[in-house]
Amino acid sequence: MILIHRPATAPGSPPEALDRHMWSPGEPLPPDALWIDLVEPTREEDHLVEKHLGIAIPTREEMADIEPSEILYRENDARYMTVRVLCRSDTEQPGLADVSFILTERALVSVRYADPRSFAMFAMRAVKPGGCPHQPEAVLDGLVETIIDRSAEILGMVGSNIDRLSRAVFEREGEGTRRAAGFRGVLRSLGRKGDVISNVRESMASVERMLLFLSASMARPQRAHGFHADWRTAIRDVQSIEEHATFLSNKVQFLLDATLGLVTIEQNDIIKLFSVVAVVFMPPTLVASIYGMNFKHMPELDWLDGYPMALGLMLVAAVTPYLYFRWRQWL
């Protein structure tokens, strides 16, 4: 699928806005296309864009390459950049999607095999007045800004959820099975939050590398348009998000340790209870086993009050350890 964004030039169109429509098979690409968004493109669609701009579209396998020389490079006056963008962040299985940007003098080409929400957010903004100046660098600047803002928004939601989990850990009431089930839920939630934070950090690291590459490879005429300063500002925003992600990661680790410590305390209390019960019943068991022996000459067997005496002795033997434990405040 090819999504074409071109300057809005119709009478009454808002200034600095883009028109957006989906390419139909057999339709030529408009010469004024400013942003060509390839979503799960076929080879025919790749060839069409390659012929239109005189560039090479990277394959999905090339986009997944982790070598910096393969994801950030220049070729035929075009800059090729591949970053990892958050996707499915609102689901139980968040992940990262490889997105390639090809910046030329005529247009920006984006190649993706997923649907990150940041692209839809920028596309909605670009059709509004002042949404996007009519330059390929401005489109890339807007996309990068939206990706960064979306990452910051996700981190904010994760931080709020971590605060809620923190209250659940340290203010949890109840006991027994309900408390243990609550701890299991907290551990699963913390694991998912840790995955999201890790994905944000990885995404921001790739965006930072791309911004540094853009700043270093930018020609003087492009610096005059102000994009160099914008991308320097974006780098600082990325670094602040990375610092926030590190803080949240440390907080998640602290809550994991605290939760596991509370689980250990719960287990120790259970083991202590079993130990106390065993000690309380051990003396009565000893008394009962003595009088359960089958020796012929046992004086107590002929006592009229032998049975009540044995029961009383067993009761005293059980109560005495219990009272001793309470006196030592072990219970």
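Student: Is Ser100 buried or exposed?
Tutor: Ser100 is buried, with a relative accessible area of 1%. Buried means under 20% relative accessible area, exposed over 50%, and partly exposed in between, using a 1.4 Å probe and protein chains only. The model is predicted: local features need pLDDT of at least 70, side-chain atom pairs count only at pLDDT 80 or more, and totals for chains, interfaces and linings use all residues. Residues are numbered from 1 along each chain as its sequence is written, and side-chain values use heavy atoms, with hydrogens and water left out.

Student: Where does Ser100 lie?
Tutor: Ser100 is in strand β6, residues 95-103. Helices (H or I, at least four residues) and strands (E, at least two) are DSSP runs, numbered from the N terminus.

Student: Which side chain has a polar contact with Ser100?
Tutor: That of Thr82, at 2.8 Å. A polar contact is a pair of N or O atoms within 3.5 Å; within protein, one must be able to donate a hydrogen and the other to accept it, and residues adjacent in sequence count only if both atoms are side-chain atoms.

Student: And what else is Ser100 in contact with?
Tutor: Leaving aside neighbours within four places in sequence, the contacts of Ser100 include Pro58, Met63, Val109 and Val111. Contact means heavy atoms within 4.5 Å.

Student: New topic. Leu211: buried or exposed?
Tutor: Leu211 counts as buried, at 0% relative accessibility. Leu211 is found in helix α6, residues 177-217.

Student: What does Leu211 touch?
Tutor: Not counting residues up to four places away in sequence, Leu211 touches Val144, Trp231, Ala234, Ile235 and Val238.

Student: Which residues of helix α4 are buried?
Tutor: In α4, residues 117-126, they are Ser118, Phe119, Phe122, Ala123 and Ala126. Seen down the axis of α4, these buried residues fall within an arc of 135°, so they line one face of the helix. The arc is that of the directions from the helix axis to the C-beta atoms.

Student: Leu286, then: buried or exposed?
Tutor: Leu286 counts as exposed, at 52% relative accessibility. Its place is in helix α8, residues 227-290.

Student: Now the whole chain. How many helices and strands are there?
Tutor: The protein chain has nine helices and seven strands. Of its 331 residues, 41% count as buried.

Student: How many of the contacts are between residues 24 or more positions apart?
Tutor: Such residues account for 65% of the contacts in the protein chain with a separation of 6 or more.
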